[in-house]
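Subject: Structure handover

Hello,

Here is the structure you asked about. Please open it first, then read the notes below.

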Amino acid sequence: MDAVQISHVTRTFGNVTAVDDLSLIVPQGSIYGFIGPNGSGKTTTMRMIVNIFYPDSGEIRLFGNSRPENSSDLIGYLPEERGLYQKMTVQALLEFYGELRSGRGVKAEVATWLERLDLANRASDKVETLSKGMSQKVQFIAAVIPEPKLLILDEPFSGLDPVSADAIRSALLDLRRHGVTVILSTHDMNLAETMCDYIFMIFRGRKVLDGTLASIQDQYGDDTIRVTVSGDVATVQNLAGVNQIRDLGQVQELRLQRGADPQEVLRALVAQARVTSFSLMKPSLHDIFIRIAEPPDLEAKHANA
Amino acid sequence: MRTHKVLTIAKRDYIATVRTKAFIFGLVVAPVLFGGGSIGMSFLTGKPDLKDRHVAIADHTGVVGEAVVSAAREKNGRELFDKKTHRQLLPRYTFEIDAAAAANTGAKANGELLALSDRVRRKELVAFLEIGKDVLHPPKPAEDSDEGTTKKTDPNASVSYYTNAGGIDEIRMWLNGPINDGIRMARLAELGIDVKRNKDLTASIPIEGLSLVERDVKTGEVHEARKRSELEGFLVPFGLAMILAMIVMVGSAPMLQNVTQDKSQRIVETLLGAASPFELMTGKVLGSVGVSVTSSLLYVIAGAVAVNVMGVAGLLPLSIIPWFYIYLLADVVMLCSFAAALGACCSTPQDAQNLAVVLLLPCILPMFMLVTVLRQPNGTIATVMSLIPPFTPILMLLRQAMPNGVPAWQPWVGLVCVLAFAIGTVWAASRIFRVAILMQGKPPQLAEMLRWAMKG
């Protein structure tokens, strides 16, 4: 059974169509990454799944149920805009959220999670005394207590230091192993590539990418060359068959024009610079994101550079 | 609706509110202010201003002024001092007959009146009195005077009292008796009746206010009418209505801030991830009801102790207490739902502050009607206003607490209307709440809120 099934859902706010005729299936037990520029419709889609917003048209089914309010007890939700009752203690706050979702005491689970995320010694402190990173970990615990069947996280890693981010990443992978379905939105393309089973990109309210990383990359083919040359970026410019150049510092990334021959590009490169490495590859998710979201006039500028 | 979610939210909000310093401070300070005010009043009443009250009389009759002087002398002798302790209880009333002012008429008289007015301004007098020359035998009004035109008072056939004092003027109130007694005595003397030998002619008899005679339903025994005091007829109903209004305002006003705070601190979205907007709002309203009931219990217990100590417990109609609580609950539910909807429309505490007056209107408006209702508790205006749901709790309670009571059907009809209105308010408020709770920016216009309430 699919965890989430979105069918032809549209949601507007006044004259703005935030989500436009969206259909999406999230398989149970997977980690599904939502990517897209700011304001593209990620948060609205998540809020509709959680049932905070109602779709204007279309249907959302959770675990086969057509009435999401019946399934909301199964969902753990971490909103993008974090907020906690500042005057409550960490322990009381987490017990409140756990009890609110499950209707039972969750003392033991709270203790386990506080221990796991290195917050046990702050259990009796008021939330207002915590640092931003600690507050974020507390909010994450509030979303996973008691263990949900579906976990929806809106940018869960933003503002976290590498140690805390690793702790949450490890917790998420662990939850997935227990069969929890995870939907998360992120602007970190590297994280989406390495962590998510499926990636969904929404742009201006419409679905533009959906599938595994490999299937998405296959749509673009092997059109990317990474080269290292002695000298600066000027030595790789004005190459025939190259559409765009991204200077990554030590490495330059060249995007080939459709139908261009990589061998021809290599020959042209060798003719004008000393090449120390050359690899033909599929585009990265970051590159794909930019190809979709970058304004067309900017893309044209790159090509002429 | 999932009950456990509603109760969990209600419990958290209740505990968070009753633990705040503002709530504890309010619980202690409000009774202290009220109690302190009463103690202060009784202290001041027990220590009246005992300075002499000196009044001049320009008496154009030559007899009525003397009667006033003699009545004042008699009053001073009778009431001025406590007979046992000889402590002065009241200020002395002294009157002087101003012969010069009484002798003059026309322009000259105006000069005399101005001179007397200046003496009042210099605080030599508290007032002066002019008794017209025709007060003993006022001329008959002209028959051809048109109906509807304002009749001008004939200064010669009336008594004028000049003062610059404000507030309740006890001398003026007292003078009404001696002046009219003086006029009557002068008229009787003209008829050759010796008033001093027939004092009954001017003796006034007080009218005692009593309740109706009742028959005991169980024993069949007929109970005598009880003596009714001003306290029973006015202060008890007024006090109950005020306490109700106060508890409702104290209980519902924090809701506006509470919802706005949850919204501005971004807490609300996390809550909406676990509970529906209706569950969230109902939980918050229930928490506020709990806070109101807690504070009301304390006030009612303190009030009961106070009336017992004061020895006026018998004046409190106990049958009204259940109605008090029913109205309290309905009013708090109505106002808290309204507050939740308004709070959801606010993005900042400033927005909430601006809307606070709108929220309290259902409590403030009945206050302007209290006097009208107290004067004619079963008049058409009082009846109609007390059956309009937002005003019913305060106005119907006020009417029910008065000695005459209200027809039996009215509280029940009022209650049905209030409950229907409360349910309607919760329903409409939850729809506005759901739409507005995640919106940011300028608060919506009233028309927009009404559209959300209708369409959801």
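Predicted model: local features only at pLDDT ≥ 70, side-chain atom pairs only at ≥ 80, totals over all residues.

**What was found**

Start at B:L244. Setting aside residues up to four places away in sequence, B:L244 touches B:F324, B:Y327, B:L328, B:P393, B:I394 and B:L397. Touching, or contact, means that the C-beta atoms of two residues, placed from the backbone, lie within 7 Å.

B:L244 also belongs to the largest nonpolar core, which has 136 residues. A:I152, A:I199, B:L244, B:A340 and B:L397 are the members that touch the most others. Helix α10 (residues 320–345) of chain B gives the most to this core: 17 residues. A second, separate core has 25 residues, among them B:A58 and B:L116. A nonpolar core here is a set of buried Ala, Val, Leu, Ile, Met, Phe, Trp, Tyr and Cys residues joined through C-beta atoms within 7 Å. Buried means 20 or more other C-beta atoms within 10 Å of the residue's own, exposed means 12 or fewer, and partly exposed is in between; C-beta atoms are placed from the backbone. Helices (H or I, at least four residues) and strands (E, at least two) are DSSP runs, numbered from the N terminus.

Residues are numbered from 1 along each chain as its sequence is written, and chains are lettered from A and ligands numbered from 1 in the order in which they are written.

The model scores ipTM 0.83 and pTM 0.72. Chain A averages a pLDDT (the predictor's confidence in each residue, from 0 to 100) of 88, with 95% of its residues at 70 or above. For chain B the mean is 81, and 87% of the residues reach 70 or more. Among the elements of chain A, helix α11 (residues 296–304) has the lowest mean pLDDT, 50. Strand β7 (residues 181–185) of chain A has the highest, 95.

**Domains**

Bounds come from an automatic or database domain assignment. Chain A splits into domain 1 (2–211) and domain 2 (221–304). Their C-alpha centres lie 37 Å apart. Nine residues of domain 1 of chain A are in contact with six of domain 2 of chain A. On the domain 1 side, eight of the residues are nonpolar, none polar and one charged. Nonpolar covers Ala, Val, Leu, Ile, Met, Phe, Trp, Tyr, Cys and Pro; charged covers Asp, Glu, Lys and Arg; the others, Gly among them, are polar.

Chain B has domain 1 (52–139 + 154–201) and domain 2 (229–455). Here 52 Å separate the centres, taken over C-alpha atoms.

**Where the chains meet**

The contact takes 18 residues from chain A and 16 residues from chain B. On the chain A side, α3(A) gives the largest share, five residues. That side has eleven nonpolar, two polar and five charged residues.

**One loop residue**

B:P443 sits in the loop between α14 (409–436) and α15 (446–455) of chain B. Is B:P443 buried or partly exposed? B:P443 counts as partly exposed because it has 19 C-beta neighbours inside 10 Å. Leaving aside neighbours within four places in sequence, B:P443 is in contact with B:C345, B:C346 and B:D351.

Best wishes
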